[in-house]
Amino acid sequence: MTTFQIDIQLTAVVTAMACAILGGFLVLRRMAMLTDAISHTVLLGIVIGFFIVQDLASPFLIFGAAAVGVLTVSLVALLERSRLVKGDAAIGLVYPVLFSIAVILISRFAGDVHLDTDAVLVGELAFIPFDRLYVLGYDIGPRGFYLMGGVFLFNLAFILLFYKELKLSTFDAGLATALGFMPLLIHYVLMTLVSVTVVGAFDIVGSVLVVALMVAPPAAAYLLTDHLPRMLVLSALLGALSAIAGYWLAHFLDASIAGSIASVAGVVFALVYLLAPEKGLLALARRRARQKWEFAQTMLVIHLLNHEGLPEAHQESRVAHLREHMRWDEDFADRVLHRSLVQGWVTQQGSYLSLTENGRQRAQQAFLRD
Amino acid sequence: MDLGQILYDLLFDYTLRTVALGASILGLVSGALGAFAVLRRQSLLGDAISHAALPGVVLAFLITRTKLPLVLMVGAAIAGWLATLWMMSIIKNTRIKEDGALGLVLSVFFGFGLMLLTFTQRLPDSRQAGLDHFLFGQAAALLAGDVIAMAALGGLALLLLGLFWKEFKLLSFDREFGASLGFPMGKLDILLTTLLVVAIVIGLQAVGVVLMSAMLVAPAAAARQWTDRLGIMVLLSSLFGVLAGVTGAVISSIGRGFSTGPTVVLCAGAIVFFSMLFAPNRGLIWNWARQRRNRRQLHMESVLRDLYFMAGQHADPDHAHSLQALRAVSAGRGGVQVSLQALEHKGMVRHTGSDQWALTPAGAVEAQRLLHEFE
């Protein structure tokens, strides 16, 4: 690996982690689409900030972007409160309008500056190593790495400092209000952090990747654990993994790094979605199948127990009678019987069934459970 | 540029005529289907589908190596469809909520589309030029063939919407009732979502994947303010869509830097803003006036009641009270003097000199009626 490649990957990794730890809360608080809206509208803040200070590297732009982020959230809340439109439509109205204003401002007044609408969406990680940070004349690494590293540390510090407040307002906003934790304030602070993260990342990875990194790794982590700190750490790790794998995918395809990282983050989520030990699709399907058989077997032993020792037991315990009584088709009845015999719930003498001790217990337990 | 010239250009200038026609077809179809999306709280589904269509467009090009509008539209529709299915499956099978599933599918599909787009752009194949117009749309590059494809697909979507009107209405307002009548609500849901995908696909080339969702949401949200009837809302929504499309196309043809997509979206936004302010019954100004009227009425009634009570304290029902006394018992509700003047105008109180006010017989009757109602 060349130092260029290492620089790009390090920057991508800190960006992924900065997004992922915030994203955990966004996914839990159902604010993913609000985040998507902010990721588009901060462009307006950047444009307006740029018109004021005439410098694309100025930290003032971050304030502009954060202000527009808060403006977006407030406008959406205002529209919702007016009850003229529903919440989802409010988001769908506000962000395209603010974004359109930004795009028109750029193409009308900033056509000759390096402020390209495509670059906002895509970013260009490949240019990261060329923009160096110098301290006392020494080259200490790419500027983007320090910028996103700083954003990561800032987000991390916020989460560590206000962990209790964040957790409470995320899982029980009513209780948080009652205890005086001001969930609304936390909501706005969180949204400000999202805006700052988006604007820090916008010329590095673009707004799309920010949303992908804020949603996909936390969503995957959410399917893997029930424990909030573990979920946050896991999403940071999955984000970092997607960043590195995405870089190499882009390297081999000669395609956009941000797009590749988003794609890999999607693939990681898809894998987790299929294979997660308890909540994945496969585990779900296996559990449903197991429950189906268990239920049928339990019905069988209950049926046998019901008639055990009674005069009609001889008639009721005939194998051929099952199909009629349980309304099972032949194939299904055979399989239920086979599983019950193998697992030792019933025994078979000729064409008659009888319960084993195990089977009798199962049937009695099933009764007790109700 | 004067209005006559603009009208002349709309009719006879090839570029402007094509762009305006394209934008109005887009506005018509997305307005009509957007009304259903907004009513069914699927505004953001449109956003997700339109972002998710990008990889479909690029893959359709990579496979066929043509940029025939119909081919790209089919690619976009398939990708949008797959995205919707995946999203539904995530919502159904995991604890991730709708919001997270939308954000996830939207950003991942869009990222994948960008990856494919940049990959394609670096291929030694000049035919890919112009695919990136699908990001923000390039209405100015619309050709007659594109508009014909849009009209064909859009016409089909509107025809189906008309044919299944009753069923879709039922689906949007009372799904369970429809199911109990024996309509296949699941299949109707799929059909309506498919029509939504068609509407999105039609607009991609003109306004781009990023802003397409606004064309679904804005006209419908504006139309919702003016009416409570579905039929009228769909008509108005289409009308607003066409209006935004044509106005946006005209403005962008005049001003430098007004790209068509964002300009059309801003026009739609302006229509929403206007509707929210001025629509009767629901609009903000209407609401404000109604609240003001109600507040005045309440103030007036409470002053009348206060006067009646205070008169009851004295043997003489005509006993006059000072403005200060009335203010004191009004407990800071305000508007006492205005209310008194209004009451005097109605002949329910009379002014007995130097800020003294007394009930007239008519006022006493009215106050009794109010108290009776109050109990």
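**A note on the helix pair in chain A and the build of chain B**

1. Helix α2(A) crosses α4(A) in a left-handed sense (the near helix is turned anticlockwise from the far one by less than a right angle). Helices here are DSSP runs of H or I with at least four residues, and strands are runs of E with at least two, numbered from the N terminus. This is a predicted model, where local features need pLDDT of at least 70, side-chain atom pairs count only at pLDDT 80 or more, and totals for chains, interfaces and linings use all residues. Residues are numbered from 1 along each chain as its sequence is written, with chains lettered from A and ligands numbered from 1 in written order.

2. The contact on the α2(A) side includes Met33(A), Leu34(A) and His40(A), and on the α4(A) side Ile91(A), Tyr95(A) and Phe99(A) are among the residues involved. Contact means C-beta atoms, placed from the backbone, within 7 Å.

3. Turning to chain B, you will find 16 helices and three strands. Its radius of gyration, 30 Å, is well over the 21 Å that the globule rule gives for 375 residues, so chain B is more spread out than a compact globule. The radius is taken over C-alpha atoms, and the rule is 2.2 Å times the number of residues to the power 0.38. The C-alpha trace of chain B spans about 100 × 55 × 35 Å along its principal axes.

4. Chain B is assigned domain 1 (3–282) and domain 2 (288–374), with bounds from an automatic or database assignment. Their centres, over C-alpha atoms, are 58 Å apart.

Terms used: Contact = placed C-beta atoms within 7 Å.
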